[in-house]
Amino acid sequence: MPSKSEARTILAELIATIDVGTNTAHLLVARITESGDVLPVHNETRYVRLGQGVDSSGDVHPAALARLKQTLGTFRDIAEGTGATRIMVVGTSASRDVRNRQALVDFVKNETGLEYRIISGDEEAQLTTAGALSAVTNPIDPCVIVDIGGGSTEITLARHKGEGVTIDHTFTADIGSVRLTERYLQRLPPGDEDVAAARNLIDSSLSQVMFLTERFDRFVGAAGTIRALLLLVAGVTEWSELPTGEQSVSRDQCHAWYQRLKGLDYEQTLRLNERVMTGRADVFLAGVIILDAVFDHLQADTCVVSPFGLRHGLALRYASLKKAGGPGFQETFDGTV
């Protein structure tokens, strides 16, 4: 006979959450237990590059729409194949930037049957914070959480309160690895003037974040760029190959890779670790420049790298609302968020 904890797991609902960013799309299939826990079952990442050309044109490129359709169709099949009873899809920076958001929402619905909700930068930061901190075993208080995406960077100041987390401030900057690459770094290796222009925009954006004027020795990073950098530093290709325990990247390690990447072309960047760099080799330098600037603005020595992010936060929110059983739950999560 199963224990009570085993029974909760057996009776758990299986759900899927999908995060469509500017460069990548992530799928999480997870069990939601009766006690409100989120137990990851399956993760998948695909490089959609939805933000291709959006920064300059305001429109989603037809090739990007085709990639989105294929990826979401694949994710839907995987989720349904595992027995997931609910699939929730959110779009972030690139989706926010398109001139006709409703057309994108309608495209996804018509082509995949999935509801597509475009969330604000603040909501993205809140969900990412919840997901990222759920995997941090040694709490930092107060804590800055940094999510470097393809189109934007979300920065959050949070504090632990009892068993939960309260968010004091969120800030979304329109600086991301794809956006900066398309503006300044299309040529690899870039010229010094191109790097300087990118860094000037980053510094200008970060200077608007009032709480970055304080010094934080450590902060939490929750982004593909940061996780990829950690894998390069460690010389491995998968998170599972890392030693157990807290994972981090130091300020010196980030800056050393920033200096190295400035001198590499696309093929040389790809060959650093083809498994890790596939889908991001052309935009990786831009992401590392952002991270290097964050280290400088925070005067921090260490970035604690979380394996979790927005899609985990979305599952946690669903679990919390379901457990509470409050009014509006079904309306809030009727196939979407």
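In this predicted model, the axes of helix α9 and helix α13 (residues 284-298) come within 10 Å and cross at roughly 95°. Axes are lines fitted to C-alpha atoms, for helices over the stretch in contact, and angles run from 0 to 180 degrees between N-to-C directions. Helix α9 is therefore roughly perpendicular to α13, a term for angles of 65 to 115 degrees. Helices (H or I, at least four residues) and strands (E, at least two) are DSSP runs, numbered from the N terminus. Residues are numbered from 1 along each chain as its sequence is written.

Thr225, Ile226, Ala228, Leu229 and Leu232 of α9 meet Phe284, Gly287, Val288 and Leu291 of α13, where contact means heavy atoms within 4.5 Å. By class, this contact of α9 with α13 comprises seven nonpolar, two polar and no charged residues. Ala, Val, Leu, Ile, Met, Phe, Trp, Tyr, Cys and Pro count as nonpolar, Asp, Glu, Lys and Arg as charged, and the others, Gly among them, as polar.

An open sheet of mixed pairing is formed by six strands in the order β8-β7-β6-β9-β11-β10; two strands pair if DSSP finds at least two bridges between them. The edge strands, β8 (164-173) and β10 (248-250), each pair on one side only. From one strand to the next, the twist averages 25°. Helix α9 (residues 224-234) packs on this sheet and touches β6, β9 (218-221), β10 and β11 (302-305). The direction of α9 makes about 100° with that of β11.

Strands β6 (residues 143-148) and β7 (residues 153-161) run antiparallel and are joined by six bridges. Ala158 in β7 is the bridge partner of Cys143.

Conventions
This is a predicted model: local features need pLDDT of at least 70, side-chain atom pairs count only at pLDDT 80 or more; totals for chains, interfaces and linings use all residues. Side-chain values use heavy atoms; hydrogens and water are left out. Angles under 35 degrees count as roughly parallel, over 145 as roughly antiparallel, 65 to 115 as roughly perpendicular and the rest as oblique.
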